[in-house]
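Hi,

Here is the structure I promised to pass on.

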Amino acid sequence: MFTCTTHSPEETAGLACKVGQKIREGTVLCLEGDLGAGKTLFVRSLARTLGAEGEITSPTFNLMNVYEGICPIFHFDLYRLETEEELEDIGFYEYTEEPEGIVLIEWPDKFPEEMPEDYVLVHFGKVQGREQERQLTFGCHGGRHQGFLKELEEIVKHG
Ligand code: ADP
Ligand code: MG
């Protein structure tokens, strides 16, 4: 697990770009944090790095967006969902259990029990009194992404 602080939206986008350069197909990445913390901004920059064009916004109402980059990118926002049946209805488990492409999930904390066994977690924390500052904590759940996380820490901290 490691944490880094960004001081502007541009810095957060830069960090997402680095993640985009390292992320592998088949990865599920969960983004946790309050409204306005920077989750969608991070997704946008990551998806752009992977070659996605067109609009990239929170799928708050349509629940999932798909972008075509160097591989398919599935972008979920679970904020408005209430039950596991709804997850099933949108095909959540098919996308997350053996992911083809890259799966990005905002508000995973709405359904902690329903996340796959292995995923990378980024927690976005706002810093009180500092509008433009965010603390991003990277961790992983399950053993599969330990190596990826180490690599990420290396390029994030040492360029
Ligand atoms: P979320 O998806 O978490 O609700 P968004 O990505 O939609 O949040 O919005 C984040 C907002 O916070 C944007 O308006 C962005 O400009 C602003 N912001 C300010 N500082 C930062 C920062 N360091 N990192 C990310 N976003 C920031
Ligand atoms: Mg969002």
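First, the housekeeping. This is a predicted model, so to speak: local features need pLDDT of at least 70 and side-chain atom pairs count only at pLDDT 80 or more, while totals for chains, interfaces and linings use all residues. Residues are numbered from 1 along each chain as its sequence is written, chains are lettered from A and ligands numbered from 1 in the order in which they are written, and side-chain values use heavy atoms, with hydrogens and water left out.

The magnesium ion (ligand 2) has Thr40 (OG1), Ser58 (OG) and Glu106 (OE) around it at 2.2 to 2.4 Å. Donors here are N, O and S atoms within 2.8 Å of the metal (3.2 Å for Na, K and Ca), and water is not among the atoms, so the site may look incomplete. Along the chain the donors are spaced T-x17-S-x47-E. Thr40 sits in helix α2 and Ser58 in the loop between α2 and β3 (64–68), so the pair ties together parts 18 residues apart in sequence. Helices (H or I, at least four residues) and strands (E, at least two) are DSSP runs, numbered from the N terminus. Thr40 is buried, at 15% relative accessible area, whereas Ser58 is partly exposed at 27%; buried means under 20%, exposed over 50% and partly exposed in between (1.4 Å probe, protein chains only).

Thr40 also turns up next to ligand 1: it is one of the closest of 16 surrounding residues, along with Thr12, Gly36, Lys39 and Gln132 (a heavy atom within 4 Å counts as near). For polar contacts (N or O pairs within 3.5 Å), a backbone N or O atom of Gly36 lies 2.8 Å from a ligand 1 oxygen, a polar backbone atom of Leu41 is 2.9 Å from one, and a side-chain N or O atom of Arg134 is 3.1 Å from one.

Back to α2: its buried residues are Lys39, Thr40, Phe42, Val43, Ser45, Leu46 and Ala47. Just after this helix, Gly51 has a positive phi of about 95°.

Cheers

Terms used
A polar contact is a pair of N or O atoms within 3.5 Å; within protein, one must be able to donate a hydrogen and the other to accept it, and residues adjacent in sequence count only if both atoms are side-chain atoms.
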